[in-house]
Amino acid sequence: MAARFPLGRSNLHITCKFSYGDAMRLTRFTDLALRVLMRLAVADSDEELPTTRDVAATMEVPYTHTAKVVARLQHLGLIEARRGRGGGLALTAAGRAASVGGVVRELEGAGDVVDCDGTVPCPLRGACVLRGALRRAQEAFFAALDPLTVNDLVAAPTGPLLLGIAGGGAGGGGGTGRTSAGASARAEGPAR
């Protein structure tokens, strides 16, 4: 059974950290990491490789945040970064086949949804049923993402939309996307 989640233009908000007043949601770091993987999954092998700056402009996020995400994804072996002329970012075969649940688990960490043992420990922690229930809910959340691969995330209609945002593909302006990707996305306004 494959769970499918709606993917907006540049906001994928499924989350796993819980603080009072918030719902379960992914950290911004994980959100951006999934979007970077998706952008690289639709990159045409015949086009010039997108750079970290290109991806940041396409996703409309700060370069510094994107650079940190790229470094982490490279460390995990999901992407490779090539320097110099003809360099840029490319999704590895492992990155393309990576389980979304596995990626989210790795980036979010293994912490509990709630901090029962924090600076002021919860007086109910020794006999609390809620902590276990929330742990099971968190694992069910990850398990729903496990069957999905990065490649699945860019199936239609998402993949063609990403190509349009990135300045490649049919009607997207073609070319390398090096200078036009962010500019054309801003000029055309948000795709809905």
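Select helix H5 together with helix H6 (residues 130-145) in this predicted model. Their axes come within 6 Å and cross at roughly 135°; axes here are lines fitted to C-alpha atoms, for helices over the stretch in contact, with angles running from 0 to 180 degrees between N-to-C directions. That angle makes H5 oblique to H6, given that angles under 35 degrees count as roughly parallel, over 145 as roughly antiparallel, 65 to 115 as roughly perpendicular and the rest as oblique. Helices (H or I, at least four residues) and strands (E, at least two) are DSSP runs, numbered from the N terminus.

Display the side chains next. On H5, the contact (heavy atoms within 4.5 Å) is made by Val100, Gly101, Val104 and Arg105; H6 contributes Glu139, Phe141, Phe142, Ala143 and Leu145. By class, this contact has 6 nonpolar, 1 polar and 2 charged residues. Ala, Val, Leu, Ile, Met, Phe, Trp, Tyr, Cys and Pro count as nonpolar, Asp, Glu, Lys and Arg as charged, and the others, Gly among them, as polar.

H1 passes H5 in a right-handed crossing; a crossing is left-handed if the near helix is turned anticlockwise from the far one by less than a right angle, and right-handed if clockwise. Phe29, Thr30, Ala33, Leu34 and Leu37 of H1 meet Val100, Val103, Val104, Leu107 and Glu108 of H5. The contact of H1 with H5 comprises 8 nonpolar, 1 polar and 1 charged residues.

Move to helix H2 (52-59). H2 is mostly covered, with 6 of its 8 residues buried, where buried means under 20% relative accessible area, exposed over 50%, and partly exposed in between (1.4 Å probe, protein chains only). Colour Thr52, Asp54, Val55, Ala56, Thr58 and Met59 to see the buried residues of H2. Glu60 is partly exposed, with a relative accessible area of 43%.

For another backbone feature, select Ala156 and Pro157: the peptide bond from Ala156 to Pro157 is cis, with omega near 10°. Pro157 lies in the loop between helix H7 (150-153) and helix H8 (158-166).

Now show the whole chain. There are 9 helices and 2 strands, and from the N terminus the elements run α-α-α-β-β-α-α-α-α-α-α. Buried residues make up 41% of the 192 residues. Among contacts between residues at least 6 apart in sequence, 65% join residues at least 24 apart.

Finally, colour by pLDDT, the predictor's confidence in each residue, from 0 to 100. The chain mean is 77, and 73% of its residues reach 70 or more. Confidence is highest in helix H3 (residues 63-75), at a mean of 97, and lowest in helix H9 (residues 180-188), at 36. Over residues 1-22 the pLDDT is below 50, and beyond near neighbours in sequence this stretch has 56 contacts in the model. Residues 169-192 also have pLDDT below 50, with 31 contacts beyond near neighbours in sequence. Where pLDDT is low, the predicted coordinates should not be read in detail.

Residues are numbered from 1 along each chain as its sequence is written, and side-chain values use heavy atoms, with hydrogens and water left out. In this predicted model, local features need pLDDT of at least 70 and side-chain atom pairs count only at pLDDT 80 or more, whereas totals for chains, interfaces and linings use all residues.
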